[in-house]
Amino acid sequence: MSVFFSGRYAQLEPYTPGEQPQDRRYIKLNTNESPFPPSPGVLEAVREEAGRLQLYSDPESRTVTCALAEHYGLQPDQVLVGNGSDELLNFAFMAYCDDACPALFPDVTYGFYPVFAGLNRIPMIEVPLREDFSVCIDDYLDLKGTVFLANPNAPTGLALSSAEIERMLKARPSYMHVIDEAYVDFGAESVLPLIHRFENLLVIQTFSKSRSLAGARLGFAAGQAPLIRDLNTLKYSTNPYNVNRMTSAAGTAALKEDEYYRRNARIIMENRAWTAGELKRLGFTVTDSRANFLFAACPELPGEKYYLAMKERGILVRYLKGPRLKPFVRITVGTKQQMETLIRETETLLKTEAATHA
Ligand code: PMP
């Protein structure tokens with residue numbers, strides 16, 4: 001830290017992104033990216049738009065916003081696109097929390113939530129997940145503050161039903177609820193249709209996972225028009241051109257080729273089921289994930305050791321620090337071939353472990 005760094009941020013603990021090593025080629029199962037490339041129309045649209053990069057992007061991102069509105073049955077003023085959903089989540093922390101209105105979220109969830117709270121100096125209450133890692137809506141009903149729920153949750157992959165979330169929206173009409181649906185396309189139920197009936201609901205989704213655009217940085221928030229106006233106030237106070245031309249073009253083109261992405265999501269779900277079955281056969285504990293990753297505990301090794309052993313074998317999985325997470329790793333679901341390699345290497349590792357302890 002330099003002597004010039006503001007004391008306001010001296011205590012800030014920044015988010016640690018998953019490793020993106022350049023030293024060798026790994027099978028990358030650590031950052032929940034899609035193993036599939038963007039669709040052909042996306043590549044074409046990006047190439048074409050690159051020729052117009054001398055011009056600023058449209059600050060209203062009208063083309064992709066209207067395409068999203070049409071795709072999800074919304075009005076354009078109910079949608080705001082962002083530079084990844086992380087940007088929109090940060091806006092939501094800024095917009096809907098303050099000293100009198102803390103941020104509420106599970107003790108085990110997306111690691112960026114406490115960082116956004118810290119960055120914006122917002123008090124936070126971390127609500128413990130139940131023993132089985134599930135979110136219990138009843139635990140939130142008597143608390144004051146804005147609820148942030150990743151659904152499916154990360155890193156557990158467990159999802160709440162839309163009916164459960166609706167029960168919370170009804171029970172807490174004077175508080176906001178931000179539902180982060182980054183992984184919803186892999187088999188969970190979206191609450192997007194509820195925005196028409198609930199003024200206290202903001203839904204945030206991303207193109208980074210099911211739509212193979214993690215590197216383009218595109219997310220969107222959906223909610224009633226006054227909420228979108230709130231977020232726009234913050235956007236125009238930070239970065240009016242938050243979504244670049246190529247990313248807008250990529251997002252618009254991706255929506256036109258939806259069937260390609262839906263097929264890929266189905267393949268990921270099949271591979272998830274296969275991998276979960278194999279890991280269980282090998283003695284792992286595996287949660288019932290509705291996301292493009294598995295949350296699993298190795299029978300022989302704590303999470304960190306399993307992660308290191310896999311890294312040595314050329315496979316990256318994610319080990320997350322946290323008192324309740326020690327036995328676990330988060331494994332992104334990739335292609336069938338990648339998952340077969342993971343299982344083969346895990347099986348060999350377990351045999352070696354058994355031999356050394358015999
Ligand atoms: N929410 C959750 C739960 C996530 O895991 C991620 C991915 N790191 C994000 C939001 C952010 O995704 P992006 O900024 O790429 O849209």
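This briefing looks at a ligand site and at a pair of packed helices.

The model is predicted, so local features need pLDDT of at least 70, side-chain atom pairs count only at pLDDT 80 or more, and totals for chains, interfaces and linings use all residues. Residues are numbered from 1 along each chain as its sequence is written, and side-chain values use heavy atoms, with hydrogens and water left out.

**The ligand site**
- Around the ligand (a heavy atom within 4 Å) sit Gly84, Ser85, Asp86, Leu89, Tyr110, Asp180, Ala182, Tyr183, Thr206, Ser208, Lys209 and Arg217.
- Helix 3 supplies the largest share of this shell, four residues; helices are DSSP runs of H or I, at least four residues, numbered from the N terminus.
- A polar side-chain atom of Ser85 lies 2.7 Å from an oxygen atom of the ligand, and a polar side-chain atom of Arg217 also lies 2.7 Å from a ligand oxygen atom.
- Asp86 places a backbone N or O atom 3.1 Å from an oxygen atom of the ligand.
- Taken alone, the ligand exposes 410 Å², and the protein buries 92% of that (Shrake-Rupley method, 1.4 Å probe).

**Helix 3 against helix 6**
- Helix 3 (residues 84–96) and helix 6 (residues 225–235) pack at about 105°, with their axes 10 Å apart; axes are lines fitted to C-alpha atoms over the stretch in contact, and angles run from 0 to 180 degrees between N-to-C directions.
- The two helices are therefore roughly perpendicular (65 to 115 degrees).
- Contact (heavy atoms within 4.5 Å) involves Phe91, Ala92, Met94, Ala95 and Tyr96 of helix 3 and Leu227, Asp230, Leu231, Leu234 and Lys235 of helix 6.

Definitions and conventions:
Angles under 35 degrees count as roughly parallel, over 145 as roughly antiparallel, 65 to 115 as roughly perpendicular and the rest as oblique. A polar contact is a pair of N or O atoms within 3.5 Å; within protein, one must be able to donate a hydrogen and the other to accept it, and residues adjacent in sequence count only if both atoms are side-chain atoms.
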